[in-house]
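Here are my notes on the model, in numbered points. Please read them beside the coordinates.

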Amino acid sequence: MKTSKLKNLIRKTIKENMDDRLKAMMGADDFEKATNPKLAKLINTAIMSIDPNMSYKDFAKGVAQVLIDEYGVQNYEPFVSELKKSLNSTLE
């Protein structure tokens, strides 16, 4: 999968699945800053600064840790469900 497709998929998944929850947790102003299109670029820059050759396994473990640390167990299933749905849509 091309990097731009992955970025768009991550952005879409976050937008469709987490917007209301994040807005309630963060407040509208902070939410708008965090969901700015620059977010995907910042995430990619962070990944590149850690390891430009990061494996998908390490990336998945990192995402899992963020969910554990920051979002809580109630968000695991909706996140995974949306991620699978979004990924599967690219295969059709």
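1. First, a definition: the expected span of a helix is 1.5 Å times one less than its number of residues. Helices (H or I, at least four residues) and strands (E, at least two) are DSSP runs, numbered from the N terminus.

2. This is a predicted model; local features need pLDDT of at least 70, side-chain atom pairs count only at pLDDT 80 or more, and totals for chains, interfaces and linings use all residues. Residues are numbered from 1 along each chain as its sequence is written, and side-chain values use heavy atoms, with hydrogens and water left out.

3. The chain has 5 helices and 0 strands. Its order from the N terminus is α-α-α-α-α.

4. pLDDT is the predictor's confidence in each residue, from 0 to 100. The chain mean is 77, with 74% of residues at 70 or more.

5. Just after α4, Gly72 has a positive phi of about 90°.

6. Helix α5 runs over residues 76–89. Its 14 residues should span 20 Å, and the end C-alpha atoms are 20 Å apart, so the two agree.

7. Which residues of α5 are buried (under 20% relative accessible area; exposed is over 50%, partly exposed in between; 1.4 Å probe, protein chains only)? They are Phe79, Glu82 and Ser86. Down the axis of α5, its buried residues fall within an arc of 70° (directions from the axis to the C-beta atoms), so they line one face. The face turned away from the buried side carries exposed Glu77, Lys84 and Lys85.

8. Tyr76 lies in α5. It counts as partly exposed because its relative accessibility is 31%.
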